[in-house]
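Visitor: Hey, can you walk me through this one? I'm new to this.

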Amino acid sequence: MSTNNMIGNAVCWNITNICNRNCQYCFRELNENAQSLETNLGILNNLKEIGIKKITFSGGEPFIYPYIINLMAKAKEYGMTVNVVTNGSLLKEDNVEYYLQYVDKVSFSCDSPRRYINDQIGRGEDSYDHIKEIIPHIRKYYDKDRLLIDINTVVTYDPDGLYRELDYMIDAIRNELLNNSINKWKIIRFYPLRGKAKDNKNKFYVPDEKFIEIKKEYETDSEYLKIDVRNFDSLDNNVIVSPCGIIKVSRDGEEIPILDLKPAKRMEEGANRVQ
Ligand code: SF4
């Protein structure tokens with residue numbers, strides 16, 4: 001398969017490895033640092049050159065990267081669709097209009113509405129409450145035709161059945177979030193790809209049979225609330241750009257580096273494939 005066929009036209013760009021939360025199943029790259037604005041503008045230009053039409057900025061927490069707005073503005077100038085996945089903590093009433101001005105879809109990472117669970121998993125006790133509070137402010141500036149809002153939930157194993165966070169989440173979405181025009185609820189199977197997620201695999205891994213049950217129980221294309229239950233196979237199709245500017249594709253829990261997009265590398269003919 002050619003490099004271009006492997007990459008397609010959409011990437012998830014992990015713009016920084018820094019986060020202000022400490023989730024126990026996080027798989028962000030811990031060994032790569034964010035690049036300067038100049039380098040990232042070069043990387044963005046190279047993404048345009050290889051035919052990328054959609055960028056999802058992620059991290060770490062993407063709004064921690066100080067030049068995220070510059071990159072989003074440039075991506076828009078290039079005619080790209082701009083999405084962002086965020087824990088929402090840095091979005092405030094007085095900055096949402098600014099931070100989301102170039103964004104087509106914002107996906108909030110949120111696994112439970114319950115404070116003590118959010119505290120236990122490392123999301124931060126007030127993480128759901130903050131998202132619930134900030135979404136109506138977003139809707140004051142951007143309606144559903146201008147900006148899509150998704151909720152992303154990582155589903156982790158619950159061997160004792162002591163709590164079923166998906167049930168708490170669906171109630172919270174229906175009763176507290178849905179009237180702000182939520183586009184979709186994405187339930188994503190825990191993926192022990194790297195970092196803490198790999199270290200904590202035994203604690204959080206959802207067995208195949210359990211995942212099939214969850215998919216059967218929750219997935220729906222209803223007009224009222226679309227619920228998309230995703231296995232990590234679908235993440236395998238997600239091509240990522242790592243914080244240091246390398247395109248990687250994951251296969252069977254391993255990441256394959258495909259292309260180094262840093263401007264200096266791209267300038268050397270033939271030196272852009274990672275060995
Ligand atoms: S899962 Fe997201 S919010 Fe949690 S530590 Fe990782 S990057 Fe931060």
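Visitor: In what order do the strands of the open sheet come?
Guide: The 10 strands line up as E7-E6-E5-E4-E3-E2-E1-E8-E9-E10, with mixed pairing. Strands (E, at least two residues) are DSSP runs numbered from the N terminus, and two of them pair if DSSP finds at least two bridges between them. At the edges sit E7 and E10 (254-260), each pairing on one side only.

Visitor: Is this predicted or what?
Guide: It's a predicted model, where local features need pLDDT of at least 70, side-chain atom pairs count only at pLDDT 80 or more, and totals for chains, interfaces and linings use all residues. Residues are numbered from 1 along each chain as its sequence is written.

Visitor: Back to E7. What does E7 pair with, and how do they run?
Guide: Strand E6 (residues 184-189) runs parallel to E7, and five bridges join them. Across that pair, isoleucine 187 stands opposite valine 229.

Visitor: And which strand is joined to E6 by six bridges?
Guide: That's E5 (residues 148-155), also parallel to E6. Valine 155 has arginine 189 of E6 as its bridge partner.

Visitor: How confident is the predictor overall?
Guide: The chain averages a pLDDT of 90, and 92% of the residues score at least 70. That score is the predictor's confidence in each residue, from 0 to 100.

Conventions:
Helix = DSSP H or I, 4+ residues; strand = E, 2+ residues; numbered from the N terminus.
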